[in-house]
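Here is a friendly walk through one protein model, taken piece by piece. Have the picture open beside you while you read.

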Amino acid sequence: MSSKKSYMTLASLYNDLLKMNTKHWIDTHCHIGMCDFISEEDLIKHAHDNNVDILLDVAVDGQSCRDVIARAERYDEVYAVIGIHPHDVKNATEADLDFIANNFNHPKVVAIGEIGLDYYRDYSPRDLQKQFFETQLRFAGENNMPVVIHSRKAWDDTLEIVNEVRRDFPLRGVFHCFGYGPKEAEICVDMGFHVSFPGVLTYEHSKKLKNTAKSIPMKRALIETDSPFMTPAKFKKQSRGNLPGYVVETAKELASIRQMELDILQNLLFENTMDCFPKLLSALEKRQAALG
Ligand SMILES: [Zn+2]
């Protein structure tokens with residue numbers, strides 16, 4: 001979608017939209033409801049203070065699907081991603097899947113997620129994880145929604161299921177909190193997906209992730225906090241958990257790895273985010289129109 005729009009059009013849309021002259025950042029993946037060490041208002045204020053003013057609030061289970069939508073209705077800055085996380089599929093019900101099916105048309109629901117496979121924790125039986133992953137992927141494919149994929153120590157099965165569904169529907173979306181290497185990132189990019197870097201990128205020991213960040217086509221890179229998890233190195237000691245406002249630290253690290261100006265990276269990440277989540281772009285356009 002954004003490929004039809006020029007880079008400058010998007011950048012000026014963003015600035016017009018927010019009616020400000022300062023620079024802005026997007027956290028493409030956070031769990032506001034899990035940040036129980038801070039109030040919602042203070043979390044959003046902290047984000048604003050750090051020039052982060054678009055937050056994708058991601059559900060993990062039936063209750064949080066309902067919560068992220070309610071939060072998106074309360075705050076202009078918040079957009080919702082609804083789905084059942086592999087950890088939580090053991091407790092998911094038909095009613096939860098119905099809720100997702102009945103709400104993907106909500107104007108502030110921009111993607112289905114987070115969905116996927118997690119064989120590191122194995123909190124839910126693997127067969128059930130696979131079943132829910134495929135069901136939700138198919139659902140996203142049928143409805144032309146991007147997906148937010150969580151995949152940990154489950155690369156082969158993830159790829160197999162994604163490829164199977166791709167035979168029936170063109171899928172798009174992001175492999176969030178990417179933990180695999182440059183080779184796997186290349187496969188994600190070839191399939192048309194984006195790859196998202198969390199605060200882990202700022203850790204000294206994250207050599208593999210830094211290598212992935214070095215080699216990935218920049219058009220497919222996103223950044224996220226996955227708050228309250230994976231606080232960037234700089235704030236690890238002082239903060240009780242990660243916050244969307246800290247996404248800028250990951251941006252700085254990515255800019256340094258790619259030897260890019262932070263301003264240029266910021267505009268590029270904005271464009272990449274709109275490319276990955278077309279409904280976010282249309283929601284922003286509507287918000288701009290409403291502002292006059
Ligand atoms: Zn997450």
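A residue is called buried if 20 or more other C-beta atoms lie within 10 Å of its own, exposed if 12 or fewer do, and partly exposed in between. Keep in mind that the model is predicted.

**A strand under cover**

With that definition in hand, look at strand β3. It is mostly covered, since five of its five residues are buried. Which residues point which way? Val78, Ala80 and Ile82 point to one side of β3, Tyr79 and Val81 point to the other, and all are buried. In a regular strand the side chains alternate between the two faces of the sheet.

The neighbour to look at next is β2 (residues 52-58), which pairs with β3 (residues 78-82) in the parallel sense over four bridges. Valine 58 has valine 81 of β3 as its bridge partner, and leucine 56 stands opposite tyrosine 79 in β3.

**The whole sheet**

Now zoom out. Eight strands form an open sheet in the order β1-β2-β3-β4-β5-β6-β7-β8, and the pairing is parallel. Where does the sheet end? Its edge strands are β1 (25-30) and β8 (221-223), each of which pairs on one side only. On average, neighbouring strands of this sheet are turned by 30 degrees against each other, direction ignored. Helix α3 (residues 62-74) packs on the sheet and touches β2, β3 and β4 (109-118), and its direction makes about 160 degrees with that of β3.

Further along the sheet, β6 (residues 173-175) and β7 pair in the parallel sense over two bridges. Phenylalanine 175 has valine 195 in β7 as its bridge partner. Strand β7 is covered on both faces: His194 and Ser196 on one side, and Val195 and Phe197 on the other, are all buried.

**Two helices meeting**

Helix α5 (residues 126-142) and helix α6 (residues 155-166) pack at an angle of about 35 degrees, and their axes are 10 Å apart. The crossing of the two, α5 and α6, is right-handed. On the α5 side the contact is made by Lys130, Phe133, Glu134, Leu137, Arg138 and Gly141, and on the α6 side by Asp157, Ile161, Val162 and Val165. What kinds of residue are these? The contact of α5 with α6 divides into five nonpolar, one polar and four charged residues.

Serine 124 sits in the loop between β4 and α5, aspartate 76 in the loop between α3 and β3, and methionine 145 in the loop between α5 and β5 (147-152).

Are they buried or exposed? Serine 124 counts as buried because it has 20 C-beta neighbours inside 10 Å. Methionine 145 has 26 such neighbours inside 10 Å, so it counts as buried. Aspartate 76 is partly exposed, because 14 other C-beta atoms lie within 10 Å.

| Pair | Apart in sequence | C-alpha to C-alpha |
|---|---|---|
| Serine 124 and histidine 85 | 39 residues | 9.7 Å |
| Aspartate 76 and lysine 108 | 32 residues | 9.4 Å |
| Methionine 145 and alanine 233 | 88 residues | 33 Å |

What does serine 124 touch, if residues up to four places away in sequence are not counted? The list is Pro86, His87, Asp88, Val89, Lys90 and Gln129. Methionine 145, leaving aside its neighbours within four places in sequence, is in contact with Phe104, Ala111, Ile112 and Ala140.

Definitions and conventions: Residues numbered from 1 in each chain as written. Predicted model: local features only at pLDDT ≥ 70, side-chain atom pairs only at ≥ 80, totals over all residues. Pairing = 2+ DSSP bridges. Axes fitted to C-alpha atoms, helices over the stretch in contact; angles between N-to-C directions. Contact = placed C-beta atoms within 7 Å. Left-handed = near helix turned anticlockwise from the far one by under 90°. Nonpolar A, V, L, I, M, F, W, Y, C, P; charged D, E, K, R; others polar.
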